[in-house]
Amino acid sequence: MPMRVRLWGVRGSLPAPMIPAVIETREREILELFIDSKYSKKAELSKFLDTLPVHTRGTFGGNTPCVSVESGNNQLIVDGGSGIRRLGYDLLRGPCGKGAGEVHILFTHFHWDHLIGVPFFVPVFIPGNVIHVYAVQDGVESVFRTLFKKPFFPVEYEMLGARFVYHKLEPRKPVKFGLLTVTPYQLDHPDPCWGFKFECGGKVFSHCVDTECTRVTRDQLGLDLPLYQGVDLMTFDAQYTLMETIEKMNWGHAAASLGLDIAMREGVKKVVFMHHDPASSDEKIAAAELQARQYYKGQLKNAKRAGLQAQEVDWCFGKEDMEFEL
Ligand SMILES: [Zn+2]
Ligand SMILES: [Zn+2]
């Protein structure tokens with residue numbers, strides 16, 4: 001049974017919707033490019049749009065982190081950033097819409113950007129639904145009671161239709177959810193934060209967001225090294241450019257180059273970078289991707305020259321609604 005991973009939110013720290021002026025500038029640019037292109041017919045519009053890069057055609061997305069992992073009838077959600085709102089609407093088409101749903105949400109940590117969507121996740125208001133919440137951290141129930149508390153939110157915790165059930169995860173101890181096995185490993189982020197390794201039918205997806213990745217070598221990673229080993233798909237924190245990680249040391253986020261170094265060394269097959277800075281325009285994210293591309297090519301060349309092993313990696317910067325099948 002394949003494992004499907006979908007990105008419902010790839011922005012970090014704070015939702016960052018596109019503003020009207022940016023949309024209008026983009027529309028004008030697209031129309032000018034179309035007029036100057038070899039295409040002229042309505043029927044060719046999709047073909048033309050496919051030639052445009054993400055930052056010209058649309059956007060990387062403004063919702064904060066939420067990722068779904070599915071295999072067969074088993075679905076796990078990672079984090080409740082603003083991206084979980086649309087996932088909630090999607091779930092209403094199934095048992096959740098009838099008050100017969102069981103939802104499983106794993107939390108990496110409880111910074112606002114990973115929690116902010118939960119009060120807008122409609123299944124929590126429907127009586128009969130059960131929302132299972134999983135985390136390594138203690139005190140999760142009090143986090144949720146605070147989230148649904150006046151004056152922060154008009155619906156109090158006791159008034160919610162769904163029932164919340166809290167589950168404690170143990171560090172580096174696998175848990176089975178039907179076909180899916182999940183193991184939490186620690187990331188390098190304040191308060192703290194845990195990444196998850198999902199395994200299903202011999203395929204592996206590792207979610208490594210949020211992390212500054214201050215531990216890079218195998219020795220430094222120690223007990224958390226397996227998070228990066230034998231991985232088919234890895235989501236990794238790329239909030240900053242390499243220069244910005246120096247300026248923003250201890251802010252808890254990484255640059256794509258760090259993820260690429262680990263992926264090349266450990267043989268990760270595909271990497272998708274996310275948790276884009278809310279202060280970054282789509283153009284800036286695209287420029288960071290280009291910079292990372294140069295870094296990646298340089299690292300491969302250097303490794304070859306030195307006779308060292310560095311595996312080629314398929315990678316890209318993540319965009320909201322991207323879906324991967326493993
Ligand atoms: Zn975050
Ligand atoms: Zn965080």
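1. Let me start with the overall layout: the chain splits into domain 1 (4-15 + 60-325) and domain 2 (22-57), with bounds that come from an automatic or database domain assignment. The C-alpha centres of domain 1 and domain 2 lie 32 Å apart.

2. A word on conventions before going further. This is a predicted model, in which local features need pLDDT of at least 70, side-chain atom pairs count only at pLDDT 80 or more, and totals for chains, interfaces and linings use all residues. Residues are numbered from 1 along each chain as its sequence is written, while chains are lettered from A and ligands numbered from 1 in the order in which they are written.

3. In one, seven strands form an open sheet in the order 6-5-4-3-2-1-14, with mixed pairing. Strands here are DSSP runs of E with at least two residues, helices are runs of H or I with at least four residues, and both are numbered from the N terminus; two strands pair if DSSP finds at least two bridges between them. Strand 6 (163-168) and strand 14 (323-325) are the edges, and each has a single partner strand, so one side of each lacks a neighbour in the sheet. Direction ignored, neighbouring strands are turned by 20° against each other on average; axes are lines fitted to C-alpha atoms, for helices over the stretch in contact, and angles run from 0 to 180 degrees between N-to-C directions.

4. Six of the six residues of strand 2 are buried, so the rest of the structure largely encloses it. A residue is called buried if 20 or more other C-beta atoms lie within 10 Å of its own, exposed if 12 or fewer, and partly exposed in between, with C-beta atoms placed from the backbone. Cys-66, Ser-68 and Glu-70 point one way from strand 2, whereas Val-67, Val-69 and Ser-71 point the other way.

5. You can follow the pairing of strand 2 on both sides. With strand 1 the sense is antiparallel, over five bridges; Arg-4 has Glu-70 as its bridge partner, and Gly-9 stands opposite Cys-66. Strand 3 is also joined to strand 2 by five bridges, again antiparallel, with Ser-71 opposite Asn-74. Their hairpin has two residues between the strands, and Gly-72 takes a positive phi near 60° there.

6. Strand 3 is mostly covered too, with four of its five residues buried. Its pairing with strand 4 is parallel, over two bridges, and Ile-77 stands opposite Ile-105 in strand 4.

7. Helix 4 (residues 84-91) has Ile-84, Arg-85, Leu-87, Gly-88 and Leu-91 as its buried residues. These cover an arc of only 160° around the axis, which puts them on the same side of helix 4; the arc is that of the directions from the helix axis to the C-beta atoms. Their cover includes strand 1 (4-9), strand 2 (66-71), strand 3 (74-78) and strand 4 (102-106).

8. The other sheet is an open one of seven strands in the order 7-8-9-10-11-12-13, and its pairing is mixed. Strand 7 (175-177) and strand 13 (314-317) are its edge strands, each pairing on one side only. The twist averages 20° from one strand to the next. Strand 8 (residues 180-186) and strand 9 (residues 194-200) run antiparallel and are joined by six bridges; Thr-183 is opposite Lys-197 in strand 9.

9. Helix 8 lies across strand 11 (233-237), strand 12 (270-274) and strand 13, and runs at about 160° to strand 12.

10. Finally, the core. The largest nonpolar core has 72 residues, and those with the most contacts inside it are Val-69, Ile-77, Leu-106, Phe-198 and Val-271. Helix 8 (residues 256-266) gives the largest share, six residues. Such a core is a set of buried Ala, Val, Leu, Ile, Met, Phe, Trp, Tyr and Cys residues joined through C-beta atoms within 7 Å. Not counting residues up to four places away in sequence, Leu-106 touches Leu-76, Ile-77, Val-78, Tyr-134, Val-182 and Phe-196, where contact means C-beta atoms, placed from the backbone, within 7 Å.

Note on methods. Contact = placed C-beta atoms within 7 Å.
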